[in-house]
Amino acid sequence: MAASQTLPADHADQRGFGNPDPSAAVIRASRGKARSVNFWRSLFLLVGVVAFAGCGKRETLVESGNRTQVLHRSVGQDLKDLDPHLATTAADYNVLSALFEGLVAEDPVDLHPVPGVAASWDVTDGGLTYTFHLRPEARWSNGDPVTAQDFANAFKRVLTPALAAPNAPALYLIRGAEDFHKEREKDFAKVGIAAPDARTLRLTLAHPTPSFLSQLNQAVWFPVHLASIEKNGSATDRANTWARPGRLVGNGPFRLEAWLTGQEIVVTKAATYWDAATVRLAGIHFHTIEGVDTEERAYRAGQLHLTDALPAGKIDSYQQEAPGQLRIDPLLNTFFYRLNLTRPGLRSVQVRRALSLGIDRNAIVAKILRGGQLPARAFTPPGTASYTFPVTATDHAAEVATARQLLAEAGYPDGKGLPPIELLYNTSENHRLIAEAIQEMWRRDLGVEIRVASQEFNSTLEARRSGAYDILRSSWSADYIDPASFLDIFRSDSGNNFTGWSSPEYDAALTAAGRTAVPAERNALFQKAEALLLAAAPIIPVYHYTHVFVIRPEVKGWNPTLLDHHPYKTVWLEAAR
Amino acid sequence: MTSTTTALAVPPDRGRSPWQDAWLRLRKNRLAVAGAVVVLGFALLCAFGPFFAQSYQVQNLNLGATGPGAAHWLGTDTLGRDLLSRILYGGRISLLVGLVASFVALVIGVTYGAISGYAGGATDRLMMRGVDIMFALPFTIFVILMMVFLKEPMQLLDAWLRNFDLLGVRPFANLQGVGKILLLFAAIGAVEWLTMARIVRGQVLAIKQMEYIAAARTMGVGSRRIIFRHMVPNLLGPVIVYTSLTIPAVMLLESFLSFLGLGVDAPMSSLGTLIKDGAEKMEEYWWLLVFPGGAFSLTLLSLNFLGDGLRDALDVRSSKD
């Protein structure tokens, strides 16, 4: 859960929908644009000709990769660590899911839980007890068998307070785990984790959780090889450098070959993996590339098989020139503004709702983003595991009228007398455009004048933690496919709330939903909770992301998945003849 | 005898003051005149243009980015705002920041440097060590600290100004972010004066040793007259030259601060922020970079030509003939 503290915003940034390109309808504009595209194309051509004259044609990384089944992709910034229990970002997960495997794995198409290290499992006690039967052929990359004790050791490591694992609260699902992690209980035997023999792992939950198996795919649930960690120091010392090439022992389909700081992370196929016969890739290179524009250039130069994102301004040209390479996949990620309820003007629920109603979401999605994003009138993206919050799409003029009325009711007719409000976003082209567009919508339609300010990403995280903001751009991506992954963050006791809003009724509805197994009842409870959230408006949802990227046609098995997870063992390369 | 009287009767050519000399020399320098015309023209356009042009903040999302055309002479940006008015408005802010911050630097720098140089001795050493210490402070951190600590008071000032009511008229109601701009002036001025102080001090030290100063002193001329009659005209050359170079430097600094999110706030723009935004999109919309960049470069180039011309015209020693 806390994982996503950095994850969503990172996400958004890497996906950062670089440049908008809203010239669509205007013919004059497209003519001007075509001219400029021609100019740049001829410039590139010229540079290309000069370069080729100099050195002749060389095989690109993509071409050699196609020959040798080596996938080239980017990880954005270089990673801090490869310790699965300390991982926080989507980029971390992209590498770690190649090196480790949890009890269950993900189906490559819809990500439902499929057997991983556990060949099968039984659910008993009305959904309270999960007994996993580990496959005997599961091996670590040093040849040791993967045992139930390895998992128990890993979970104990995560829950040890000294490690300060950011995602440890994800394990609170297990009975007694929270008490142990918060040092209210010293005896680990009281925690619902048992390994009666090397092949059997029994987990007892605090309460029935229908989404439990899906949650097991977060990196924090991955096993670690304790003996190899302890060879390099204490297992709960964050400074332990066991996660380096030559030392890291994993159990995933790939093993860590090299890590060249600031350049690339190289993994190669692990012969010890139990399902090595399925794995078709010989290796993966994760290149360190910062910035969506740089990444797109690297892709064009044949250095990457796929990108993490695509600048919005390039969508049109790819659509025209290489339509087969452009992909717009759905993604469970919402762009929203957090409101600080301790600030004078934002204390009023009418003001908050007026601000939310004053945003023309359709215009933002259609004119600025232009990558198939959905306008967000609810927080949970529609279709999150059969759950869709019913929103009544009203005409924007009517919304504005309601908003003005609400402002007047709050005692600020036409925004007069409202204390100064600042909208803070982490520096990015798209965030700036959206912030400025919304600033103007509020000024024009509601008479509310706000300041917009940008800060670098880590500073906005700090502002979020310390509450030093009025309105803060945020985003949240699901850790697992379930509405709870979204709605849980605004519970009173959540470490990700940060708005100052709390509602016992909301908490109760979510707790009840977490313990209900019947889908219809569960969804009704989620719906009740989300209605409370939207009525109180501690947040303003703006839009639901899509994943816009380009990918070479040679890459096969790269399915559109809601979490942008792509199990590498079912990915392969096939050069066109 | 007669001839002598006639010669005396002809009124002698009135002597030209050094300022008239300088003006004549400046007028002969074509580049400098062209520079002055461009700078003045741009300044006038920026000052009065926005009253006639379209709004710099009204957006038209449906229009989006369009190239130059009849409705929008220089095109529109990605949010459909008229680029010409944004350039004029941005030029206003940039020139204002450049001029005011340079003026702040000039006043502080010249005063500080002159006092330090003229006093000499222990005072000089103390004051110059002060400058050294200021130089050693990392500029960015200094400005960021200033921006952070003075943010709240500036917002209060801002709010007060906008609600300022003079007999039912609110003259500043539409001004946004004035506090932030004042803060920018102060922050940049507070840093840029250091070099100026050093230059002035050096000049004063050198001039102090000149024979004509010694001569003036032996003839009993007072300190004040020495400073204003004999020293200041000799100081002016370097001061003007350095100031004319400070203005573009300050304008660049302002765009750098805007990049860090410390500059002018949206929806206002300065030329620096316009260029930054344009550079990110130059592959798709060239006009967003070319026009603001052109206006900025032209202004800086003209300022430099003008500065060069002023130096040639005002540098008393190199132009004595």
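Let's begin in a loop of chain A, the one between β12 (374-375) and α13 (396-409), where we find A:Ser386. Helices (H or I, at least four residues) and strands (E, at least two) are DSSP runs, numbered from the N terminus. This is a predicted model, where local features need pLDDT of at least 70, side-chain atom pairs count only at pLDDT 80 or more, and totals for chains, interfaces and linings use all residues. Residues are numbered from 1 along each chain as its sequence is written, and chains are lettered from A in the order in which they are written.

Back to our serine: the phi of A:Ser386 is near 65°, a positive value. Most residues other than glycine have a negative phi. A:Ser386 is also exposed, because it has 12 other C-beta atoms within 10 Å; exposed means 12 or fewer, buried means 20 or more, and partly exposed is in between, with C-beta atoms placed from the backbone.

Next, please look at A:Asp414, in the loop between α13 and β13 (422-426). A:Asp414 has a positive phi too, of about 55°, and it counts as exposed because it has 12 C-beta neighbours inside 10 Å.

Now for the inside. Which residues touch the most other members of the largest nonpolar core? They are A:Leu171 and A:Val542, in a core of 160 residues. Such a core is a set of buried Ala, Val, Leu, Ile, Met, Phe, Trp, Tyr and Cys residues joined through C-beta atoms within 7 Å. A second, separate core of 66 residues includes B:Ile93 and B:Leu310.
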